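Biologist: I would like to go through a few features of this model. Where should we begin?

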Amino acid sequence: MNDTSLSSPRRRLRASLAFALCNLPLVWLIALRYVPYLETPDDWLGASYLVTTWVGHFGLLVLLAWVPLAVIALALPRRAAWLPAALLATAGLWLLLLDTGVYAQYRFHINQFMVTLFLNDQNGEIFSFTTTTWLAVLGIALVLLAGEAWLARFLFNSSRTVRLPVWRMAGALLLIMTASHAIHIVGDARYQRSVTQQAAIYPLLFPATAKDFMEAHGWLDPRAARNANIDTSPEGAESLNWPRQPLSCNAGTRPPNILMVLIDSWRHDEYSARNTPRMHAALDGTGRRYLSHFSGGNSTRSGVMSLFYGLTGNYYHLLEDTQTPSLLIKQLQETGYELGIFSAASLDSVGFDRSVFASVPELPPAAQGETPAQRDRAMTESWLDWQATRRRTDSETPWFGMLFYDAPHGYSTPQDATLPFQPTARRMSYLKLGPDTDPRPYYNLHRNAVFHDDRLVGRVIDDLKASGDWQNTVLIVTGDHGQSFNDFGKNYWGHNSHFAPPQTQVPMILHGPGIPAGKHEGTTSHLDVVPALMRHVLGCTNASEDYSQGRDMLDATLDHPWVMSSSYLDYGIIEKQRITVVDGTGSWKVVDRQLNEQKETISPAVLEAMQVSKRFHAP
């Protein structure tokens, strides 16, 4: 074959694809470094997902990397294209190798923030490499480059590449990748832990799901699927070293009851004698109020997760994928507590059926009603009925209750409700909001919804007092996250958009036996609730570091210098005067508590947070 034929655009394109595909076995080999953090599936569906995802997903990444190789092949002469192609391939393989090392330490993949940490880690607190390591790194890089240069030059200059079925191979990889996503759709819908637990280890993998679509078309009953596949065994995820030591707990013969009241989107400044008069009258002076309390998230999923696990949001996907329940819930079950879990909104929609409450066999559905306010009222009635039934049948067994109110999240009030905060909007319409919108009517609508829920919580408290349970019940009243109303003139509304106090600081009031009344001014976090309950209610003698990243909330000296809060993709490290925000791509910035951007520097708190965040990863 003559030189002109080898230099045709079609042949150069084929040679570039052949070069990319020849690197695929090396990609698979490097990716084996993820294997120690993958739980081996023990059924055919999980094994099929492992094979198809390993082959198809890394094949897709190689095909995506081929795109710039194709541009190089078309833009440069054949005799010159091999060198940039070799450099690009070496860089890609080295990046994958580096990502396996980062994942081994932190269980998330490399991003801009990790690079910044590396450049600012002058004392080796986060990354520590010896001279031997650096020399090995340099040697591997040179060997890779030499090998890639030889391979690229050979393929770009050889007529044999014409005979390789590269287009068919690329098509086969795409088909295998499609099969992988189809298997995940089935596994996710069937609550197949052997499938879902694998997703986190793959870089840039966004597995497909269709549970809601299948339910809407009558193809799936998710609750039946959950009940058929629920795993109540005591074994936890192999990729988690959690708890770090077996729990040693002795709750005694009659431990106190626990009632957790959660109000969705409840701002820290919406607890007062005017806004929540029933709760304030019952708890002010007898309960313990935390004045600087932060949720572990600015969204429902991460906020509730932090409250029930005592862990930061970077663990959520791993916990959900492996269907690992809250250690608090499991300990309550082992202690013999009766569980009464009630929610106005669906717990399934945010994944709590396969995470927080994964060990609860019969998880009740959301309350009935056309509006959040109606569902809140129906949920309260169901709770009171459950309590009445429980008292008639078994009044001596301790119980754990959760009431999750939703009206403020939906800006919902009953049609006949008193609306003390005026002027008030009729409904929330985010499409009408802008930087110049007067927030007062919408803020007042939100406060009126809180006022409505306060009356319902008041009924719950009155029932506890009338039954005699009040003095032997630990009551926790808080929110999952806050809500913004353009507080700083930067056009932020709602939640899940920043980590300043309007979205992360929430009310927190504790009341019950052994809880001293008063006000706590130090900074506290949702992560501190589990250690307090485990120690003071369930009699666990372990240090909180064995099972939580928080500390005992009843420690009078507790005052965190920083707390971490997460959203679905981002997280913020909140200090007294600054917040370091890292988004899902690894980009980062520093703002103050009014969201004004500050000089970008890595503070010691950030380095400490990175160390704490990996505490429970399996070695």
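Modeller: With polar contacts: a polar contact is a pair of N or O atoms within 3.5 Å, where within protein one must be able to donate a hydrogen and the other to accept it. Bear in mind that the model is predicted.

Biologist: Which backbone oxygen does the side chain of N444 reach?

Modeller: That of Q422, at 3.3 Å. N444 is found in helix α18, residues 440-467. Apart from neighbours within four places in sequence, N444 is in contact with F421, Q422, P423 and T424.

Biologist: Is N444 buried or exposed?

Modeller: Buried means under 20% relative accessible area. N444 has 6% relative accessibility, so N444 counts as buried.

Biologist: How should I read the salt bridges?

Modeller: Side chains of opposite charge can pair when their charged atoms come close. A search of the whole structure finds 13 salt bridges. One of them joins R390 and D469, with the closest N and O atoms 3.1 Å apart. This pair links distant parts of the chain, 79 residues apart: R390 is in helix α16, and D469 is in the loop between α18 and β5. Both residues are buried.

Biologist: Which residues do salt bridges with shared partners join into one network?

Modeller: R390, R391, D463 and D469.

Biologist: What span should helix α2 have?

Modeller: At 1.5 Å a residue, the 14 residues of α2 should span 20 Å, and the end C-alpha atoms are 20 Å apart, which agrees. Among the buried residues of α2 are R12, R14, L17 and F19.

Methods. Residues numbered from 1 in each chain as written. Predicted model: local features only at pLDDT ≥ 70, side-chain atom pairs only at ≥ 80, totals over all residues. Heavy atoms only, no water. Helix = DSSP H or I, 4+ residues; strand = E, 2+ residues; numbered from the N terminus. Expected span 1.5 Å × (residues − 1). Buried < 20%, exposed > 50% of the residue type's maximum accessible area, 1.4 Å probe, protein only. Contact = heavy atoms within 4.5 Å. Salt bridge = Lys/Arg side-chain N within 4 Å of Asp/Glu carboxyl O.
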